[in-house]
Amino acid sequence: MNGSILIIESEVPVLFFWKGKTLTTVHAKGYAATAYPRSTESSDEAAVRALNLVLESLEDSKAEDIVTINIAGKSALGDFMVVVSGRSNRHVMAIADHLITDLKDEGFGNSRVEGLEGGDWVLIDTGDVIVHIFRPEIREFYNIEKMWAAPEIEDGTLH
């Protein structure tokens, strides 16, 4: 089955197999196939695995000033936010392209990407990890690390 698509038609929705794996979502003839989980790992394990892949890819691309912020429980956007710099517009776009390719190759699907055309600030949302890739001047101007790195407020300390 390598590289081919196998279509199984019956009274139930159509299922697609690609390279020996059942694809997670399929729409065919007005039916939606049952969504199969991508893996058996927990959501926390998947988030950590995605974060490790992101960090490895960024280091391979020579991204600078890599900052990881744990936003689990602080936001419904994801579990981690990663903020990095590229030396120029071309470097920012190359970092983003490399990361997008690595995510696809490791089975994380298509990430949502914004800003790739300009190269000043590229946002890549994998679902569990949100990656901001900036030129240094743009990163300094927006300073989103400061916004998300607010100290934890413990119970009983509010006045």
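1. Order of elements. From the N terminus on, the elements of the protein run β-β-β-β-β-α-β-β-α-β-β-β-α-α. The total is 4 helices and 10 strands. Both kinds of element are DSSP runs numbered from the N terminus: helices are H or I runs of at least four residues, and strands are E runs of at least two.

2. Basis of the model. The structure is a predicted model, in which local features need pLDDT of at least 70 and side-chain atom pairs count only at pLDDT 80 or more, while totals for chains, interfaces and linings use all residues. Residues are numbered from 1 along each chain as its sequence is written, and side-chain values use heavy atoms, with hydrogens and water left out.

3. Of the 159 residues in the protein, 35% are buried. Buried means under 20% relative accessible area, exposed means over 50%, and partly exposed lies in between, with a 1.4 Å probe and protein chains only. Among contacts with a separation of 6 or more, 46% join residues 24 or more positions apart; a contact means heavy atoms within 4.5 Å.

4. The largest nonpolar core. This core has 23 residues, and those with the most contacts inside it are Val54, Leu58, Val82, Ile124, Val129, Val131 and Ile133. A nonpolar core is a set of buried Ala, Val, Leu, Ile, Met, Phe, Trp, Tyr and Cys residues joined through side-chain atoms within 4.5 Å. Two or more residues of the core come from each of helix H1 (43-60), strand S7 (80-85), helix H2 (89-105), strand S9 (121-125) and strand S10 (129-134). H1 gives the most, with 7 residues.

5. Which residues does Val129 touch, not counting residues up to four places away in sequence? They are Ala47, Ala50, Leu51, Val54, Phe80, Val82 and Ile124.

6. Packing of H1 and H2. These two helices pack at an angle of about 140°, with their axes 9 Å apart. H1 is therefore oblique to H2. Axes are lines fitted to C-alpha atoms, for helices over the stretch in contact, and angles run from 0 to 180 degrees between N-to-C directions. Angles under 35 degrees count as roughly parallel, over 145 as roughly antiparallel, 65 to 115 as roughly perpendicular and the rest as oblique. H1 passes H2 in a right-handed crossing. A crossing is right-handed if the near helix is turned clockwise from the far one by less than a right angle, and left-handed if anticlockwise.

7. Residues between the two helices. On the H1 side the contact is made by Leu53, Val54, Ser57, Leu58 and Asp60, and on the H2 side by Ile95, His98, Leu99, Asp102 and Leu103. By class, the contact has 6 nonpolar, 2 polar and 2 charged residues. Ala, Val, Leu, Ile, Met, Phe, Trp, Tyr, Cys and Pro count as nonpolar, Asp, Glu, Lys and Arg as charged, and the others, Gly among them, as polar.

8. Two buried serines. Ser57 lies in helix H1 and counts as buried, at 1% relative accessibility. Not counting residues up to four places away in sequence, Ser57 touches His98, Leu99 and Asp102. Ser61 is found in the loop between H1 and strand S6 (64-70). Ser61 is also buried, with a relative accessible area of 13%. Leaving aside neighbours within four places in sequence, Ser61 is in contact with His91, Ile95 and His98.

9. Positive phi values. Most residues other than glycine have a negative phi. Asp65, in strand S6, has a positive phi near 50°. Asp65 is exposed, with a relative accessible area of 56%. Asn143 has a positive phi of about 45° although it is not a glycine. Asn143 lies in the loop between helix H3 (136-142) and helix H4 (144-148) and is partly exposed, at 35% relative accessibility.

10. Two pairs along the chain. Asp97 is in helix H2 and is partly exposed, with a relative accessible area of 39%. How far apart in space are Asp97 and Leu116, C-alpha to C-alpha? The distance is 8.5 Å, for residues 19 apart in sequence. Phe108, in the loop between H2 and strand S8 (112-114), counts as buried at 12% relative accessibility. The C-alpha atoms of Phe108 and Gly127, 19 residues apart along the chain, are separated by 9.3 Å.
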